[in-house]
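Here's a quick briefing to read alongside the model. Have the sequence and the 3D view open as you go.

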Amino acid sequence: MNTYYAANLLIYAGVDIIACLSLNLVFGVSGIVNFSFIVFQAVGAYTTAVLSLPPDSTSGYDFQHYIGGFNLPFPIPWIGGALAGGLLAIPVGFVVLRKLRSDYQAIALLVMSVIANTVITNADKFLNGAAGLALVPQPLSTQVDPSTDAYYYLYVGITAVAVVIVLIVANRIVNSPYGRSLRAMRERELAATAIGKNPVAMKMTVFIVGGVIAGLSGAILVGFIALWAPSVWLYPETIILFAAVIVGGKGNNIGAILGALLVPVGFEEVTRFIPPIGPVGLIPALQWVAIGLLIIGFLWFRPDGVRPESRRVFEGGPAREVR
Amino acid sequence: MDLYLEALGFGLVSMSVIAIAAVGFTMQFGITNMINLAYGEVMISSAYVAYYINRAGISIWIGMLAAAVFGAVFSFLLNRFVYAPFQAKGTSLIGMVIVSLAVSLMIANLLLPIVGYYSVSYENATGDLLHFGPIILTTNQIAIIGVALLLMLVIHGLLRYTRLGKAMRATAANPTLARNCGIPTRRVIDVVWLITGALCGMAGTVAAINSDSFAIANGASFLITVLAAAVLGGAGQPYGAMIGAVLIGVITELSAATWSPQYKEVVAFGILVLVMVLRPQGLLAKRGALAAAG
């Protein structure tokens, strides 16, 4: 029981860290307000699920209807999930990132998130509608029994490896000349364009990379909880991750990790111990209110977050105040 | 053929509801430069105010006026205590969008413990059936169309023929210049939030009258339809929002009649995507989605 609780906590922490690193690349570093982040995670999770599930005509699985059902062994569904996140980013980016002003991008993505959920909920033959997919085979479950402690250790280990890989990739991007261009574009797009950077191409690239990482986070999550339904990827879930990146400090990976540990992990764990008082649903509702307050409070009092992005100054330049 | 005419009848009602909401939303954006994502939640809160008054046995139309007052005061306070301070602090457009989304989340979840999860509906909200050939509408639906026409005329008169309307247009065009010409832009903006809030409150009530039942979750779908109409017409353009409402209203009702009513918002979203790809500045735009973020 305790091993399960600890493993559960660590795996959720890993998934949230990966999600926040992705959101930080897209939102914190590049300034794209991706209000449909959770859709990319969901696409990764659904893809992983249908790649690892057997066809829906198999006995034991025939209570649900879904497309595909390929019954593929472990690493392939995860890779598929990550790729699906990246593939989704291409058409979405094509619509949203080319011409629109930044605040229009935000509302278009928000609306997309709500609509995608509506469509999947209503299309019940596609991914089993509102009920969602259940009994998703867990990775390596044929080699190790998923109900044992050993399996939990294994899963925590795999998650940790994924976190490290994503962190290395994100760090490489943030510190590369490309990352520098992204920050320049975030600060002043016109100036970045004037020195020969193509903002649309840069945004598309980072949006696709962010989509791949988000898809991977969904793959890891669905592999552990073994089910996925529209109710777990409603648009407010994206707002929690935005709260995390804003609280942690947007624009730097350490801040994103800190935010992931403080908001989705820390905050939800603390409020879990509040006794259930008042009418049913009061505490969850107040949790959401607190998330809203957290965002507004931080944007007002400490817009750079707990760990602000370090200001990068060119050493050889004349000493003067930047901005 | 009758199917299409019947859908057109519902389209008339739908476009009236959307027009009231979208004009309010687009005026907030055009004049105060604020994409207020909490608009749908203010609509649904106002609809609940009308619901409690209606449940006490009072006519729904009196309830609508109370909802208008509630929406006006609520929007005014929201701007005074949240949006305006952030704008004065120099928060970017993106920052303001995030703030308004956080506000929207808070309103919905503060409302939830008060009104509960279940769908509710107004009493005596339908009225008698009237037949106009194949088009069948209830008296209340006719009244909604009347209210919308009246409000659109009032807004038109306000913007075109009054000093206040002139001041609003000046503030929308260039707030600094307007202030330098002696227009009290702060007070103009306060009035804009009161007026648009009242529109928002009435829109919430008529939207709730027009649907059989409503719940908190409807806030998001209200917002999507309003955004689609406002963006289609050219954000910040009251007349554009009216045109957008007409198109979205008719198209969504036709799609509901011929395809499936579950996908009304999906169709609205499809129109939104098409507009964003083909004509991001909207149908009538002087300013629109194309300009660089300030």
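What share of the 323 residues in chain A is buried? Buried residues come to 48% of them, where buried takes 20 or more other C-beta atoms, placed from the backbone, within 10 Å of the residue's own. Bear in mind that this is a predicted model, with local features needing pLDDT of at least 70, side-chain atom pairs counting only at pLDDT 80 or more, and totals for chains, interfaces and linings using all residues. Residues are numbered from 1 along each chain as its sequence is written, while chains are lettered from A and ligands numbered from 1 in the order in which they are written.

**Fold of chain A**
- Chain A has 11 helices and zero strands, counting DSSP runs numbered from the N terminus (helices: H or I, at least four residues; strands: E, at least two).
- Its radius of gyration, over C-alpha atoms, is 20 Å, close to the 20 Å from the globule rule (2.2 Å times the number of residues to the power 0.38), so chain A is as compact as a globular protein of that length.
- Along the principal axes, the C-alpha atoms of chain A fill a box of roughly 70 × 45 × 35 Å.
- Of the contacts in chain A with a separation of 6 or more, 77% join residues 24 or more positions apart (contact: C-beta atoms, placed from the backbone, within 7 Å).

Methods:
A residue is buried if 20 or more other C-beta atoms lie within 10 Å of its own, exposed if 12 or fewer, and partly exposed in between; C-beta atoms are placed from the backbone. Two residues are in contact if their C-beta atoms, placed from the backbone, lie within 7 Å.
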